[in-house]
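I open the notebook on a new model today.

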Amino acid sequence: MSTSLPTLVCFIICFGGIASCLRNFRTDFLEEWPTPGTGPHFDISMQSNFTGLVGKTVHLVCKVKNLGNRTVSWVRHRDIHLLTVGRYTYTSDQRFEALHSPHTEDWTLRIRYPQRKDSGIYECQISTTPPIGHPVYLTIVINFDSPRGGISLVTEKGPETTSRLMIQKAVPSDSGIYRCEPSNANPSSIKVHVVNENLKYKKCLTKIYDELKRC
């Protein structure tokens, strides 16, 4: 007993001959279909964890291969905010900027004057259907360049934004000019003098002792 398999017959209706029809079909359809493994994709060997310092410009980089006519965007996960598309910036926050050199595979998101609140996940996306993305993780920290620690930065936003830099256990070497540079206002600076109270106290005692010896 034999069983016949169902046969699917496809009829192509065209004018101008079968050969011309097949040639047009191959040109208009098959050649536009992407070859598996050759479409746009991320270079996953690139760094995916970034650490920056408060106030110091940081660059997030992703590398895209075989981009073709697609575009690359950067999205902030915290609020699903579209930051850049191609080399154009789509946010009113002027600290963010897209960087890309023609004929290269690197797509960079530059963040100027980063703050602790900028820490989180950012995603580099390719405009495929559906889009494909590569997340990177950014951590912004304060530069604790002293073993004593105790350095903190507090920013309070409101009608008038204030920012306070607090240094615990300050020493004379902390003296100098400190500069505040807002992203949307003129910078301001202040000169700080740290006096060694112990040294001042010792000098005072020495002076009193010398005066007593003269009596």
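**Entry 1: the whole chain.** I started with burial. The model is predicted, and 21% of the 215 residues of the protein chain count as buried. I then looked up the accessible surface, which comes to about 16200 Å². Carbon and sulfur atoms own 56% of that surface. For contacts, I kept pairs at least 6 apart in sequence; 44% of them join residues at least 24 apart. The secondary structure gave me two helices and 14 strands.

**Entry 2: the sheet.** Which strands form the open sheet, and in what order? I read six strands, running β2-β10-β9-β4-β5-β6. The pairing is mixed. I noted the edges next: β2 (49-53) and β6 (88-89) each pair on one side only. As a reminder to myself, strands of a sheet pair through backbone hydrogen bonds, either parallel or antiparallel.

**Entry 3: both sides of β9.** I took the β4 side to begin with. Strand β4 covers residues 72-76 and strand β9 covers residues 120-126. I find these two antiparallel, with five bridges between them. I wrote down two residue pairs here. Ser 73 has Gln 125 in β9 as its bridge partner. Arg 76 stands opposite Tyr 122 in β9.

Then I turned to β10, residues 132-141. β9 and β10 are also paired in the antiparallel sense, over seven bridges. Gly 120 stands opposite Leu 138 in β10. How many residues does the hairpin use to join β9 to β10? I get five.

**Entry 4: the disulfide.** I searched for disulfides and found one in the structure. It joins Cys 62 to Cys 124, with the sulfurs 2.0 Å apart. The pair links distant parts of the chain. Cys 62 sits in strand β3 (residues 58-65) and Cys 124 in strand β9, 62 residues apart. My side note: a disulfide is a covalent bond between the sulfur atoms of two cysteines.

Entry 5: Is Cys 62 buried or exposed? I read 1% relative accessibility, so Cys 62 counts as buried. Cys 124 has a relative accessible area of 0%, so Cys 124 is buried too.

Notes:
Residues are numbered from 1 along each chain as its sequence is written. This is a predicted model: local features need pLDDT of at least 70, side-chain atom pairs count only at pLDDT 80 or more; totals for chains, interfaces and linings use all residues. Side-chain values use heavy atoms; hydrogens and water are left out. Helices (H or I, at least four residues) and strands (E, at least two) are DSSP runs, numbered from the N terminus. Buried means under 20% relative accessible area, exposed over 50%, partly exposed in between (1.4 Å probe, protein chains only). Contact means heavy atoms within 4.5 Å. Accessible areas come from the Shrake-Rupley method with a 1.4 Å probe; for residues, only the protein chains shown count as cover. Two strands pair if DSSP finds at least two bridges between them. A disulfide is a pair of cysteine sulfur atoms within 2.5 Å.
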